[in-house]
Amino acid sequence: MALGEEPAAGAPEDGAEDEALARGGFLESFCESAETRALLARLPAVLGDRAAREGALERFRVIMDKYQEQPHLLDPHLEWMMNLLLDIVQDKTSPADLIHLAFKFLYIITKVRGYKTFLRLFPHEVADVQPVLDMFTNQNPRDHETWETRYMLLLWLSVTCLIPFDFSRLDGNLVAPPGQIRMSTMDRILEIAETYLVVSDKARDAAAVLVSKFVTRPDVKQKKMAGFLDWSLHTLTRSSFQTIEGVIAMDGTLQALAQIFKHGKREDCLPYAATVLERLAGCRLPCSNQTLLRKLGVKLVQRLGLTFLKPRVAEWRYQRGCRSLAANLQLCAQSPRQPTVHAETPAGDGDCDVPEEVESVIEQLLIGLKDQDTIVRWSAAKGIGRMAARLPKELADDVVGSVLDCFSFQETDGAWHGGCLALAELGRRGLLLPSRLEDVVPVILKALTYEEKRGSCSVGTNVRDAACYVCWAFARAYEPRELQPFVAAISSALVIATVFDRNINCRRAASAAFQENVGRQGTFPHGIDILTAADYFAVGNRANCFLVIRVIRELSAKALHNLAQRAPEYSATHVLPRLLSVTQSLDLHTRHGAVLACAEVTRGLYRLAVQEDRPITDYLDDAAVRGLKHIHQQLYDRQLYRGLGGELMRQAVCVLIENLSLSKMPFRGDAIIDGWQWLIDDTLRNLHLISTPSRQQIKEAAVSALAALCREYYAREAGEADPARQEELTRQYLADLQSPEELTRCGFSLALGALPCFLLSGRLQQVLAGLGAVTLIRPEDVSFAESRRDALKAISRVCQTVGVRAGGAPDEVVCEANVSQIYRTLLGCLRDYTTDSRGDVGAWVREAAMTSLLDLMLLVAREQPELIEATVCQQVMCCVAQQASEKIDRVRAHAARVFMALLHSGGSPVPHVPHREELEKLFPRSDMASVNWNAPSQAFPLITQLLGLPAYRYHVLLGLAVSVGGLTESTVRYSTQSLFEYMAGIQKDLRALEGFSGTLLQVFEDNLLNDRVSVPLLKTLDQMLANGCFDLFTAEQNHPFGGKLLALCKEEIKKSKDVQKLRSSVAVFCGMVRFPGDVRRKVLLQLCLLLCHPFPVIRKTTASQVYEMLLTYGDIMREDVLDEVMAVLGTTAWDAELPLVRGQRNRLCDLLGVPRPQLVPK
């Protein structure tokens, strides 16, 4: 169960984390044993090669990290790994770098398995003390590259300190060099410990371990403990937590003191405890901003407190059952029907002397419970539990009372969290007596729903999580009969937290606590059924949690919708009045949630009423109906639709309008309908004033509300429209389509699309014309791609609403008179390639146009297939095929799906599909479902097959040219590969190749000076020429393809200043030298012209590519001429001044046999 503050941003809400948790520990043994042995054996060999050394270290780190979750699997192998490495360390011939490398490997093992397990494996004979001490003489505490060596040596020294001999015996009769005083072994160890307690690396932690084992030795404590404690307190006094050096010194010293008072005997430490406590209070650690120092301070305080109190097991503590499972089972077998009685033992605490310092310790621990950091609060909570276990019953009960004081709404969320942790510790240790449960359970129930607003967000996740931990601990601590009075409250609160808490960790913690109570207590009602529906993994998905088993207020409101149908009477008489009372709350979030909930509860009650064939008013009294009706007007009167908060309220009231309209509330003819209409219109008209993240959701809510409102309240009894209302709406909405604000056009386009059939009757031509005008690209609204997209959506929706009838009136239905114009509008939008700072925004329009075409074609094919003309169908299929071969993955995939839907249209096939039989063979329905059209590797091999069908070749080639000459590596690779595979298949078919080349030239001609197509097309031509796609034409003298291509290329680059286009054209010209005759001479002349281009970069590029071309196609001229040409190209500085370059260019012209270009006077 997580006890952290908040989950990391972006933490997974569903599948990935569940899968990882389900897999759990999947390793069964240390599988890399042989590899590791070989890796360690070759350390001496890789020492000299830095790359190999780093590779070996990294590989070992990867192997070990696999076992972070299951380190016990390493235990059978630790000894031989350590022996291999220590053999290197203890070898006198090992160089220093090899020893450091061995210690790095030892540290990696220690990091994974933990130093406590690893310590016992170090050699710890008497003979090992001196060699380890000698190794320290070669260590530099300031060398940050070798800290692992010092860390491991300190751990090794700490275990050698456990030898059962007086250290003075190790000194022997050794004589110091003349003039020097020999330092005893005891002093050397102490000096090393003091030195490394104040270093800035991890060796500081190992030094604290060394101190705890060294200073507490019987021979050392008599001589050195007092001096070391004095040194420690002096270090604390002179250090400041406001400097880095001070923080480091205090960290090491506090660690050492905490370890000493943890491992030392009470009678040895007690004389110094009061002094240490006093000096520690003077350090003012709670004021430090260093979390680790505050945590170590709390840890030391609790150890001092335990030193003051005699170790004992409190006789008054509550005990549940026996520690032995066998004893428990035997007890149950002997008396299966009689519950075990656990009377609270009278406390024999009269002889217990509690020093006055204990009060100070308890006070500091209580302060630690309110710390701002979790690790400090957690340490303080454990300290409270340990201290209470040694206190008399009355004093321990006072401690419980002080902990309960943390649960005040004047306290911070940190105090609530710390209080929960402390109660859990007290409960699981049996120190929270059943008599206190009536005080504790209510505060825990409050903690389960704790939330405090802080600015624009709220805190309390950690409190709710810790409250679940308390419930989990109580399930293990108490007999069922003790918790029986509180079962209903606890189970209900845990189910609510499991289902409705917005945080995944809290939902899972509540589920785990509920499961523990079901298993341990056995008194939770419907426990197994609830766990089956809301287990640990099911509650991980927020939407599933809120809606099935039940952004948060919206989901909560929908959950109330489901609950209202389960408990209609309670929802109508209790829930709805309570919600109505807070719809005008001063708190924005409360107000927003209440309005949404009112909408959903009403809708839920209506659905139930429909099932029972009753009106909604049977469930709602007059007060509820009036309350629902007045929500909008009250918000309007208080101006709560303005500002950022107004965005939330507009969206919520739009949802309310939609649900009340769908629920057929009796408001027909009421003035509130005009108020609702005003809100919808004002929201759509001012979408540009709404923040971007909320805009789409508010727009959709307003449009949905309009559709429901119109259907319910604007139709007469006969199903006809109110003429005045119809005239007003259509006139106003069509006028707003011409707004200078793009988002206003978006809103009212969708609003027109949402109008019901009776409001469109007689106005269809006006509506379609107005929406069609929005789809046109004019100079003043080129970048209005979103409005064009939404207008296309609206056209499709209008067509679906009014239906199709071939002989119908054009103002009533889609018919022969207006269907052609609709097709023209939609097909025209497939040519929208608008770009701006957001990229290819025209893609939004093209996607919407394809979707609308699909909807319209399927509608007409189903209702009136004779309205689909062959030319129109061919245009649609070809244009969609073009989109399916272009470069944007999303658009390509959407186009492919539309193409397949038109081809395989189910019961009503679309008539006049060109080459239907061939298409069905190329794209069988059974195979298409498995194709990932987003993947270029799967899409392009299929789409390029359409090049073999004449009707589709032009459009597919147009799309492919853009993809092959694009920038995205994967798109270019797979589109080029697919195109070349097709070209390879027609290389020997002159007729097919001429048909393809003719289409290619037509694409080029139709798109001259259209940089979107022409630049990538030049790149495509370059690759095709280089790949030999037109080798069949090069065998013929003066083949027309070469001449036409040259003319088009010259026209494309004429007066161009686009460097990218010019570079691409140079590559194409170089590829065209393979065409013999006049084409080659003209190409060489064109290249010579480019050698004197005004742009130096073009001159250099041309010279470079001509040089490479001659290396490849040297057979186009005599060998002696070729050598001279290449010499000129290679030695000339083509980025020099033009007059200098021109002479060399003219020399090349003479060598190549082309006329020298003449300057044209301006």
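Visitor: Which residues have the most contacts inside the largest nonpolar core?
Guide: The model is predicted, and its largest nonpolar core has 215 residues. Helix 42, residues 842-863, gives the largest share of this core, with twelve residues. The residues with the most contacts inside the core are Tyr952 and Phe1030.

Visitor: How many residues are in the second, separate core?
Guide: Leu74, Leu229, Ala273 and Cys420 are among the residues of this second core. The core is separate and holds 170 residues.

Visitor: Leaving aside neighbours within four places in sequence, which residues are in contact with Tyr952?
Guide: The neighbours within four places in sequence are set aside here. What remains for Tyr952 is a list of contacts: Met877, Cys878, Ala881, Phe899, Val913, Pro914, His915, Leu919 and Leu946.

Visitor: What is the angle between the ring planes of Phe899 and Tyr952?
Guide: Phe899 and Tyr952 are both buried. Their rings form an aromatic pair with 6.0 Å from centre to centre. Planes over 60 degrees apart count as edge-to-face. The pair of Phe899 and Tyr952 is edge-to-face, with an angle between the planes of 70°.

Visitor: How many residues apart are Phe899 and Tyr952?
Guide: Phe899 is in helix 44, residues 889-903, and Tyr952 is in helix 48, residues 950-964. The pair links distant parts of the chain, and the separation is 53 residues.

Visitor: Are the rings of Phe409 and Trp416 stacked, edge-to-face or tilted?
Guide: The structure holds 26 aromatic pairs. In the pair of Phe409 and Trp416, the ring centres are 5.1 Å apart and the planes are at 45°. Stacked pairs have planes under 30 degrees apart and edge-to-face pairs over 60. With 45° between its planes, the pair of Phe409 and Trp416 is therefore tilted.

Visitor: Which residues form one aromatic cluster with Phe409 and Trp416?
Guide: Phe409 and Trp416 belong to one aromatic cluster.

Visitor: Over which ring does the charged end of Arg1012 sit?
Guide: The charged end of Arg37 sits over the ring of Trp80, 4.0 Å from its centre. For Arg1012, the charged end is 3.4 Å from the centre of a ring, and that ring belongs to Tyr833.

Visitor: What share of residues 874-1061 is helix?
Guide: UniProt, in an unreviewed entry, lists residues 874-1061 as "domain: Tubulin-folding cofactor D C-terminal". The end C-alpha atoms of this span lie 33 Å apart. Strand makes up 0% of the span, and the share of helix is 70%.

Visitor: Is Asp840 buried or partly exposed?
Guide: A search of the whole structure finds 57 salt bridges. One of them joins Arg846 and Asp840, with the closest N and O atoms 3.0 Å apart. Arg846 has 1% relative accessibility, so Arg846 counts as buried. At 23% relative accessibility, Asp840 counts as partly exposed.

Visitor: How far apart are the closest N and O atoms of Arg217 and Asp219?
Guide: Arg217 has 8% relative accessibility and counts as buried. Asp219 is buried as well, with a relative accessible area of 9%. In the salt bridge between Arg217 and Asp219, the closest N and O atoms are apart by 3.1 Å.

Visitor: What separates Glu969 and Arg973 in helix 49?
Guide: Glu969 forms a salt bridge with Arg973, and their closest N and O atoms are 2.2 Å apart. Glu969 is exposed, with a relative accessible area of 51%, whereas Arg973 is partly exposed at 36%. The two are four residues apart in helix 49, residues 969-985, so their separation is about one helical turn.

Visitor: Where is Leu1009 found?
Guide: Leu1009 is not a glycine, yet its phi is positive, at about 65°. Leu1009 is exposed, with a relative accessible area of 57%. Its place is the loop between helix 50 (990-1006) and helix 51 (1011-1026).

Technical notes: Residues are numbered from 1 along each chain as its sequence is written. This is a predicted model: local features need pLDDT of at least 70, side-chain atom pairs count only at pLDDT 80 or more; totals for chains, interfaces and linings use all residues. Side-chain values use heavy atoms; hydrogens and water are left out. A nonpolar core is a set of buried Ala, Val, Leu, Ile, Met, Phe, Trp, Tyr and Cys residues joined through side-chain atoms within 4.5 Å. Buried means under 20% relative accessible area, exposed over 50%, partly exposed in between (1.4 Å probe, protein chains only). Contact means heavy atoms within 4.5 Å. Rings of Phe, Tyr and Trp (its six-membered ring) pair if their centres lie within 6.5 Å; planes under 30 degrees apart count as stacked, over 60 as edge-to-face and the rest as tilted. A charge sits over a ring if NZ of Lys or CZ of Arg is within 6 Å of the ring centre and within 35 degrees of the ring normal. UniProt positions are given in the numbering used here, feature names are shortened, and annotations may be inferred rather than shown by experiment. A salt bridge is a side-chain nitrogen of Lys or Arg within 4 Å of a carboxyl oxygen of Asp or Glu.
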